[in-house]
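Try each task before you read on.

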Amino acid sequence: MPLVAALALLALAVCLLDLVLTLGVVRRLRHHTELISDLSSGGRRPYAILDEGETAGPFEAVATTGEPVSRDGLSGLTLIGALAPGCGACEEKLPAFVDYARTFSGGRDQVIAVVAGSEDEAETYRERLEPVARVVVEPPVTGGIGTALGLGSFPAFGILDQSGTVVTSGLELNRPASTAGV
């Protein structure tokens, strides 16, 4: 009889522990649901670049080919793409960005590709992007263009006007540049 009582108490203790852990998981899921709800209701930007209508901060950089790149030097509409080596989504979007940039109005002079990483890491991206864009390699967190555009994650895409105001962000790169809402 004492063995049965001990087993019953052990079973009760295991059930109570399971209940406590389950309640903890439910609490954590509610918290995550709130975070996701905040994101989808405008609590934060849906894209990794400034929202439409916001203006990029001032920036100055030198492209890998020696060309100056700055917000004050923008003319007309400029396509911006920010990518990072080692980022799976960036690798996936890179061919679409290259195709999009190739058809962008104004050609290479109206396209800036920001590659966040070291020169060595950025080498393969640079080679693929230089024919269609002015490529700037900069540190991921402290880079001048990334800071000016409020980059929060990679990849990020947008179109700026001549004053640096975001005309379109979160571009669908599978559409021709002529139908990008510009």
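**Exercise 1.** Is R102 buried or exposed?

*Solution.* Keep in mind that this is a predicted model. Step one: find the relative accessible area of R102, which is 53%. Step two: compare that value with the cut-off, since exposed means over 50%. Step three: conclude that R102 is exposed.

**Exercise 2.** Find the residue that R102 meets in a salt bridge, and explain how the two are placed along their helix.

*Solution.* Start with the side chains. Those of R102 and D99 meet in a salt bridge, at 3.0 Å from N to O. Next, count along the sequence. R102 and D99 are three residues apart in helix α2, so about one helical turn separates them. Last, check the partner's surface. D99 has a relative accessible area of 46%, so D99 is partly exposed. Now the general idea: side chains of opposite charge can pair when their charged atoms come close.

**Exercise 3.** Describe the overall fold of the protein chain by its elements.

*Solution.* First, count the elements. The protein chain has four helices and seven strands. Then read their order from the N terminus: α-β-β-β-α-β-α-β-α-β-β.

**Exercise 4.** What share of the protein chain's residues counts as buried, and what share of its accessible surface belongs to carbon and sulfur atoms?

*Solution.* Take the residues first. The protein chain has 182 residues, and 36% of them count as buried. Then take the surface. The accessible surface of the protein chain is about 10,500 Å². Carbon and sulfur atoms hold 59% of that surface.

**Exercise 5.** Which residues form a nonpolar patch on the surface?

*Solution.* Look for leucines. The patch is made of L9, L12, L16, L19 and L23. Together they have about 510 Å² of accessible area. L12 sits in helix α1, which covers residues 2–40. L12 has 47% relative accessibility, so L12 counts as partly exposed.

**Exercise 6.** Where does Y125 lie, and is Y125 buried or exposed?

*Solution.* Locate it first. Y125 is in helix α3, residues 119–129. Then judge its cover. Y125 has 2% relative accessibility, so Y125 counts as buried. Next, list its contacts, leaving aside neighbours within four places in sequence. Y125 touches L83, A84, P85, C87, C90, E91, L94 and V115. Take C90 from that list. Y125 and C90 are 35 residues apart in sequence, yet their C-alpha atoms are 10.0 Å apart in space.

**Exercise 7.** Which residue forms a salt bridge with R128, and which helices does the pair link?

*Solution.* Begin with the partner. R128 forms a salt bridge with E91, with 3.1 Å between the closest N and O atoms. Then place both ends. R128 is in helix α3 and E91 is in helix α2 (residues 88–102), so the pair links distant parts of the chain, 37 residues apart. Finally, check both surfaces. R128 has 37% relative accessibility and counts as partly exposed. E91, at 39%, also counts as partly exposed.

**Exercise 8.** How many salt bridges does the structure hold, and which residues are linked in a network?

*Solution.* The structure holds five salt bridges. The network links E123, R126 and E130. Look at one of its pairs. R126 forms a salt bridge with E130, the closest N and O atoms being 2.8 Å apart. E130 has a relative accessible area of 17%, so E130 is buried.

How values were computed
Residues numbered from 1 in each chain as written. Predicted model: local features only at pLDDT ≥ 70, side-chain atom pairs only at ≥ 80, totals over all residues. Heavy atoms only, no water. Buried < 20%, exposed > 50% of the residue type's maximum accessible area, 1.4 Å probe, protein only. Areas by Shrake-Rupley, 256 points an atom, 1.4 Å probe, with all protein chains shown as cover. Patch = residues over 30% accessible without salt bridge, like charges linked within 9 Å, V, L, I, M, F, W, Y side chains within 5 Å. Salt bridge = Lys/Arg side-chain N within 4 Å of Asp/Glu carboxyl O. Contact = heavy atoms within 4.5 Å.
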